[in-house]
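Reader: I am new to this structure. Please pick one part and take me through it closely.

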Amino acid sequence: MTFTSWSRSCSASPDTRVALAAVFAVLGSLASRSEDLQSNTGPIMGVIMVATFAGMFATGTLLTVASYVPVVSSVAMPVRMLGGEVPMWEPVVSLAVTAVTAYLLVRLGERVYQRAVLQGGTALTWRQALRLEV
C-alpha cells in the first residue's frame, strides 16, 4: 500500500497528509540507497500504525487527548464527532494544531533535504542532518 492510498483510506485531512508527506520526505532525503530508505521508514510506519489504532480504539479521556495530537487526530476527532456532541471549536483547534505541525515538519524537511543534497553520496544520520552549520 502506497502512502497516498493509505492516507486516503484513513480519510486524513489535507493537513495530516502534508505532515505525513513531510515526514516521508525527510526520511527519503536521509537515504542514499533504497535499502537505507526501508530501514528509515520502517520504524516511522510502526509509530503511525500504532497511533492510528490508538485513535480508532481509544475511549474517554485518551480519545479526547488523541483528538488533538497531529496524525492521530485525523482518526480520533471523527470518532469523537460520530460518538457524541463535540463543540464546533474543538475540530477547528485540532485542525489548527495539525496545520501548524505540518508547517513545522515541512520546514524541518526543507532543512534536512538541503543538507542531504549538499552532502551527496553517503547516508546522513539525524544528528548530521540537523546540525546548524552546512
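Author: Two helices, α2 (14-30) and α3 (34-57), each supply at least two residues of the lining of the largest pocket. Helices here are DSSP runs of H or I with at least four residues, strands are runs of E with at least two, and both are numbered from the N terminus. A pocket is found on a 1 Å grid over the protein atoms alone: it is an open set of points where a 1.4 Å probe fits, with protein on both sides within 12 Å along at least five of seven lines, and its lining residues have an atom within 4 Å of a point.

This is a predicted model, in which local features need pLDDT of at least 70 and side-chain atom pairs count only at pLDDT 80 or more, while totals for chains, interfaces and linings use all residues. Numbering starts from 1 along each chain as its sequence is written, and side-chain values use heavy atoms, without hydrogens and water.

Back to the pocket. Its volume is about 160 Å³, taken as the space filled by probe spheres set on grid points joined across faces, edges and corners. Helix α3 gives the most to the lining, with four residues. The lining consists of Leu20, Val23, Ile44, Val47, Ile48, Ala51, Pro70, Val71 and Val72. What classes do these lining residues fall into? Nine are nonpolar, none is polar and none is charged. Nonpolar means Ala, Val, Leu, Ile, Met, Phe, Trp, Tyr, Cys or Pro; charged means Asp, Glu, Lys or Arg; the others, Gly among them, are polar.

One lining residue deserves a stop. Valine 71 belongs to the lining and sits in the loop between α4 (60-66) and α5. Its phi is near 75°, a positive value in a residue other than glycine. Is valine 71 buried or exposed? It counts as buried, because its relative accessibility is 19%. Buried means under 20% relative accessible area, exposed over 50%, and partly exposed in between, with a 1.4 Å probe and protein chains only.

Threonine 16 lies in helix α2. With a relative accessible area of 1%, it is buried. Setting aside neighbours within four places in sequence, threonine 16 is in contact with Val71, Ser74 and Thr98; contact means heavy atoms within 4.5 Å. Threonine 101 is 85 residues from threonine 16 along the chain, yet their C-alpha atoms are separated by 8.8 Å.

Now the cores. The largest nonpolar core has six residues: Ala51, Ala58, Leu63, Ala66, Val72 and Ala76. Such a core is a set of buried Ala, Val, Leu, Ile, Met, Phe, Trp, Tyr and Cys residues joined through side-chain atoms within 4.5 Å. A second, separate core has five residues, among them Leu20, Leu27, Ile48 and Val71.

Helix α5 (residues 73-83) holds valine 75. Valine 75 counts as buried, because its relative accessibility is 10%. Beyond four places in sequence, its contacts are Thr52, Gly55 and Met56.

What makes arginine 80 count as buried? The reason is its relative accessibility of 14%. Not counting residues up to four places away, arginine 80 touches Leu63, Thr64, Ser67, Tyr68, Val86 and Glu90.

Glutamate 90 lies in helix α6 (residues 89-119). It is buried, with a relative accessible area of 10%. Its contacts beyond four places are Tyr68, Met77 and Arg80.

Helix α3 also carries serine 39. This serine is partly exposed, because its relative accessible area is 47%. Serine 39 and leucine 27 are twelve residues apart in sequence and 9.6 Å apart in space, C-alpha to C-alpha.

Last, the whole chain. It has seven helices and zero strands. Of its 134 residues, 34% count as buried. Among contacts with a separation of 6 or more, 46% join residues 24 or more positions apart.
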